[in-house]
Amino acid sequence: MKKLAVVLAVLLLISCVPASAAETALTGAEAYEQYGPWYTWTQEQKDTATAEWSEDFWYEYWDAYFVQSGAEDEQYYADMDAWNQAFYGDVWAEDWEAYLRSVKEALGMPYPDGINVSVNGAWLDLDGLEPWALDGRTMVPVRPFLEALGAKVDYADNVVTAVLADGVTLELTGGSTTMTRVSGDKIDKIEMDVPLTAVANRTYIPARFAGEAVGMAVEWDGDYQAAHFTDWDRIAEQIDEKFATLNTLMSLDQGELDPEQTYRVTGLASQIVTLYGETEAENDTSTQTVTLNGLVRGGQVDLDLGVDMDLGGLREMVVAGMPQEEALLDLLSDFEMEVRGDLDQGTLYMTGNKLGELPGSTLASGEWVALDPTEGGDTQMEEAVTMGSLLTAGLKASGVSGDGMPPCVSALDTAEMLALILGDDCFTVSTAGSTTTYTLKVDTLGLTDKVTALTEEKGTPELYLLLSYLSGGLKVDCNGTFRVRDNQMVDMELDMTVKVPALAVSSTPMDISFSASGDSTNFECTLTAKAAYGGKLEMKMEILVEETGDMPVTTPPEGAAVRTADALGTGTVYPGGLESLAGIIR
């Protein structure tokens with residue numbers, strides 16, 4: 001016990017003295033390894049290091065902290081902010097406030113020194129009345145705000161009445177915390193944190209409650225003190241106005257397989273990544289392949305799935321970048337799985353050579369697992385997929401953008417760029433008999449004309465940048481033909497090549513090519529991206545569906561051990577956020 005006490009005393013003494021970098025000849029990386037993350041230090045350690053370490057050495061330490069932070073990245077930024085305040089004091093705070101104000105001005109916020117509000121991506125001036133905070137709620141002048149939400153507003157006898165285009169009515173009384181929402185025969189009473197408040201003869205409302213009452217998504221950006229209100233359905237509609245032709249092609253029936261006929265399904269997806277050395281002949285290559293082969297008949301399935309990942313000479317680099325995923329990388333090397341079942345009868349079974357290696361799994365070699373094919377949610381699409389729904393889907397749940405802009409701006413800006421090569425004016429449509437042909441054509445000259453006109457109209461930095469790339473040698477060529485009959489795709493071909501000049505990718509020219517073709521029974525596509533002096537990415541996918549007289553086997557072999565789904569481990573989380581492999585199979 002005495003020896004232990006001595007050891008602990010020595011360790012405590014060492015830990016309290018980060019010491020001078022000059023005295024210890026430490027590097028920043030060694031300092032991080034020895035003393036750990038800043039938030040774990042005692043105040044005595046922080047004071048000693050602040051007195052002894054130079055500014056340059058501190059940044060070496062922070063660089064090492066950043067590299068090693070991994071899952072603690074949020075803690076890293078919190079530590080960095082706290083250290084900046086401690087090291088630079090009020091000067092840093094004043095510089096930050098000045099910087100933040102300049103950014104808010106550049107973003108077009110009407111009130112760079114205070115709170116700002118956006119609706120569907122547009123900043124609100126609110127008749128020159130600046131928003132303010134009351135008990136943690138953003139207060140806005142009721143009339144201009146509700147009008148920005150599309151309401152017709154009336155104010156009489158201390159009562160505000162707002163009628164929206166869809167007939168929904170909101171009613172609020174001055175000094176009250178209750179908002180009444182009327183939609184047809186349904187009347188809801190909504191309790192607010194703060195009341196409708198009068199200041200200098202103007203009436204203010206807590207913005208969040210009004211926005212949510214009319215169905216808008218509400219996000220608060222604490223870094224930029226901005227409240228964002230988004231009608232995602234309206235944003236999707238706004239995007240879809242540019243892509244009527246493409247949405248038509250996306251909505252085509254994919255054709256239904258005859259439930260009384262057996263089909264053999266064969267699929268292949270591969271990816272090859274090559275990094276060059278000093279020459280293209282000197283390289284490291286990794287290969288990932290997924291194969292699918294089996295039978296489908298109505299709800300009956302008998303499928304073999306294979307996954308193989310050979311990282312080759314790139315393994316050391318990949319593992320160094322994601323050490324926590326090394327076990328997963330090993331799992332995906334020569335992974336095989338067989339799935340059998342009759343979904344119409346509610347049966348689904350699976351086995352695999354590495355299912356026993358999943359986290360928490362107790363499955364033995366050769367054993368099968370019985371799954372519930374209804375688990376994992378309803379896979380039926382309730383609404384047609386459109387460009388608007390695709391571009392807004394991920395943003396709905398992602399919250400604030402992090403760059404100060406309203407969340408929907410990213411979708412709108414992306415749509416504007418995509419419309420240059422996939423918008424309605426890129427297609428021509430012709431009909432011969434019962435067949436309609438959609439032809440897609442994009443070339444560098446036409447693209448340059450469109451970007452020039454759009455730049456003159458809007459003048460955004462992104463458009464000026466794209467125009468400079470086109471002037472500097474960016475080449476785009478795209479040709480596609482899609483033949484449609486009876487609302488089904490008969491066949492299609494698509495070819496695209498893009499040559500990216502050095503200007504656009506930090507002095508590394510790139511060549512990108514994509515091709516796809518298919519009909520009712522097969523589809524294949526390839527993508528190749530080659531960066532001069534850097535490397536090459538090659539991706540390929542093939543799917544073939546053929547009629548066959550074979551019958552699928554829908555149950556495990558006679559005498560095989562069949563386990564329940566919990567044998568896979570209740571703590572296992574699978575790709576896509578699903579907690580069930582049944583959801584993946586479906």
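**Close-up views of a predicted model**

**View 1. A hairpin made by strands S17 and S18.** S17 and S18 make a hairpin, with four residues between them, and Gly 346 in the turn has a positive phi of about 80°. This is a predicted model, so local features need pLDDT of at least 70 and side-chain atom pairs count only at pLDDT 80 or more, while totals for chains, interfaces and linings use all residues. Residues are numbered from 1 along each chain as its sequence is written, and side-chain values use heavy atoms, with hydrogens and water left out. Helices (H or I, at least four residues) and strands (E, at least two) are DSSP runs, numbered from the N terminus. Strand S17 (residues 335-342) pairs with S18 in the antiparallel sense over six bridges; two strands pair if DSSP finds at least two bridges between them. Look for Gly 341, which stands opposite Leu 348 in S18.

**View 2. S18 meets S19.** These two strands run antiparallel, joined by two bridges. Tyr 349 has Ala 370 in S19 as its bridge partner.

**View 3. Glu 367 in its loop.** Glu 367 sits in the loop between strand S18 (347-352) and strand S19 (368-370). Is Glu 367 buried or exposed? Its relative accessibility is 16%, so Glu 367 counts as buried (buried means under 20% relative accessible area, exposed over 50%, partly exposed in between, with a 1.4 Å probe and protein chains only). Leaving out residues up to four places away in sequence, Glu 367 touches Met 350, Thr 351, Thr 362, Ala 561 and Arg 563, where contact means heavy atoms within 4.5 Å.

**View 4. Glu 367 and Arg 563 pair up.** Their side chains meet in a salt bridge, 3.0 Å from N to O. Glu 367 lies in the loop between S18 and S19 and Arg 563 in strand S27 (residues 562-564), so this pair ties together parts that are 196 residues apart in sequence. Arg 563 is partly exposed, with a relative accessible area of 27%. A salt bridge here is a side-chain nitrogen of Lys or Arg within 4 Å of a carboxyl oxygen of Asp or Glu.

**View 5. Arg 234 with two glutamates.** Arg 234 forms a salt bridge with Glu 237, with the closest N and O atoms 3.8 Å apart. Because they are three residues apart in helix H10 (residues 232-240), Arg 234 and Glu 237 are separated by about one helical turn. Arg 234 also meets Glu 241 in a salt bridge (3.8 Å, N to O). Glu 241 is exposed, at 54% relative accessible area, whereas Glu 237 counts as partly exposed at 48%.
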